[in-house]
Amino acid sequence: MAAAITSVAGYLPEDRLTNKDLEKMVDTSDEWIRTRTGIEERRILKDPTKATSDMGAEAVRALCSKSGLDPTDIDLIVCATVTPDMLFPSTANLIGHKVGATKAWGFDLSAACSGFLFALKTAAQFVENGTAKNVVVVGADKMSSIVDYTDRTTCVLFGDAAAAVLLQNDEGDCGILDSQLYSDGSGGDYLCMPAGGSLRPSSHETVDAKQHFIFQDGQPVFKAAVTKMADVSYEIMQRNNLTADDVAWLVPHQANLRIIDATQRRTGVPKDKVMINIQKYGNTTAATIPLCLHDWESQLTRGDNLILAAFGGGFTWGSVYVKWAYDGKK
Ligand code: UT7
């Protein structure tokens, strides 16, 4: 059995936060943000009554409607997120309820910006071993809920979004063919949300110290991301005897255009074969890679070799080799 992506859908909130808007909020400039990150605008889920599960549910509804899958036929939902609606119940659980996936079980997976790849690999096992037929993998993050909009070093980077893929058995040779994933907890302190967990439960002190927002020491994260995302992509290509010519698309996590460029150069994949939408959405954490697949779906054909790659908080990083299973134009 091979687990293949057989459909993809995305959800983006309507409200846009542009670089010009940010210029009015913090001491930054459109020029700085564009040249240092490649970002021009991002989407923000403004409705205070809506959470990550609402975006995830929108994506899964769209996935079901375009693939003709009845929600009651979903066996499993895995949701990659670092902005769950609450610590528990899981966001996957809430999404399942919202879409009417009454026969599915589900769980959340926390691996920050590598979350989608970790979830994809995990979820694929259930299709491969025959214990599930229809598995939905969601990458969803309401990053605006943990961004400090007075901190110019982080608030320019992130956006809100969700995207989902359907995994099913492929009768041929397509699917998730190989993966290499890594975790290194020694990088944990460089990119984290310091409070709200069991180490520093929420208190007046943690709120006053702004510890419920993203903390990032940008430079060490950048340095690690540039080398590790590029190296692991190259590693997976080598191992599968793939040259740059064999790769139809490089699908990188969208954190910084300079990190994407480094991965492009290391793999040798031509620039026009790299999916880049960071300018429109910023870093949507677990949603970036499935959102790329969603945006490029109409250009994908069965048999295309895709190299997915990510680096994120944890540190976590990895690459997944996917042989695309369907013609996206249909
Ligand atoms: O997706 C999860 C993984 N995360 C990442 O991959 C992010 C990795 N890190 C990065 O992408 C980059 O480190 C940043 C985009 C976050 C920062 O870019 P940088 O080129 O590393 O800038 P820097 O932190 O070295 O800061 C350079 C200068 C500093 O000023 P001084 O000390 O040189 O006077 C910052 O204070 O830029 C300043 N700065 C800003 N200036 C205008 C930092 N943020 C801003 C800003 N606008 N928004």
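User: Let's start with Thr52. Which residues does Thr52 touch, not counting residues up to four places away in sequence?
Analyst: Thr52 touches Thr81, Thr83, Asp85, Thr91, Ala140, Asp141 and Lys142, with sequence neighbours up to four places away left out. Contact means heavy atoms within 4.5 Å.

User: And where is the place of Thr52?
Analyst: Thr52 sits in helix 3. Helices here are DSSP runs of H or I with at least four residues, strands are runs of E with at least two, and both are numbered from the N terminus.

User: Is Thr52 buried or exposed?
Analyst: Thr52 counts as buried, because its relative accessibility is 1%. Buried means under 20% relative accessible area, exposed means over 50%, and partly exposed is in between (1.4 Å probe, protein chains only).

User: What should I know about the model itself?
Analyst: This is a predicted model: local features need pLDDT of at least 70, side-chain atom pairs count only at pLDDT 80 or more, and totals for chains, interfaces and linings use all residues. Residues are numbered from 1 along each chain as its sequence is written, and side-chain values use heavy atoms, with hydrogens and water left out.

User: OK, big picture. How many helices and strands does the protein chain have?
Analyst: The protein chain has 11 helices and 13 strands. Its C-alpha trace spans about 55 × 45 × 35 Å along the principal axes.

User: How much of the chain is buried?
Analyst: Of the 330 residues, 54% count as buried. Also, take the contacts with a separation of 6 or more: 76% of them join residues 24 or more positions apart.

User: How is the protein chain divided into domains?
Analyst: Domain 1 covers 2–173 and domain 2 covers 176–323. Those bounds come from an automatic or database domain assignment. The C-alpha centres of the two domains lie 14 Å apart. Across the boundary, 53 residues of domain 1 are in contact with 46 residues of domain 2.

User: Back to helices. Which residues of helix 4 are buried?
Analyst: Helix 4 spans residues 91–99, and its buried residues are Thr91, Ala92, Leu94, Ile95, Gly96 and Val99. They pack against helix 3 (52–67), strand 4 (76–80), strand 5 (105–109) and strand 6 (135–142).

User: What comes just after helix 4?
Analyst: Gly100, with a positive phi of about 80°.

User: And why is helix 11 called largely enclosed?
Analyst: Because 7 of the 9 residues of helix 11 (residues 288–296) are buried. They are Thr288, Ile289, Pro290, Leu291, Cys292, Leu293 and Trp296. Among the elements they pack against are strand 1 (3–11), helix 5 (115–128) and strand 7 (160–169).

User: Which residues other than glycine have a positive phi?
Analyst: Ala112 is one of them, with phi near 50°. Thr285 is another, with phi near 55°. Ala112 lies in the loop between strand 5 and helix 5, and Thr285 in the loop between helix 10 and helix 11. Ala112 counts as buried at 16% relative accessibility. Thr285 is buried too, with a relative accessible area of 2%.

User: Which peptide bonds are cis?
Analyst: One is from Phe88 to Pro89, with omega near 5°. Pro89 is in the loop between strand 4 and helix 4. Another is from Gly314 to Phe315, with omega near -10°. Phe315 is in the loop between strand 12 and strand 13 (316–323).

User: Last one. Where is Cys192 found?
Analyst: Cys192 is in strand 9 (residues 191–192). Cys192 is partly exposed, with a relative accessible area of 27%. Leaving aside neighbours within four places in sequence, Cys192 is in contact with Phe213, Ile214 and Phe215.
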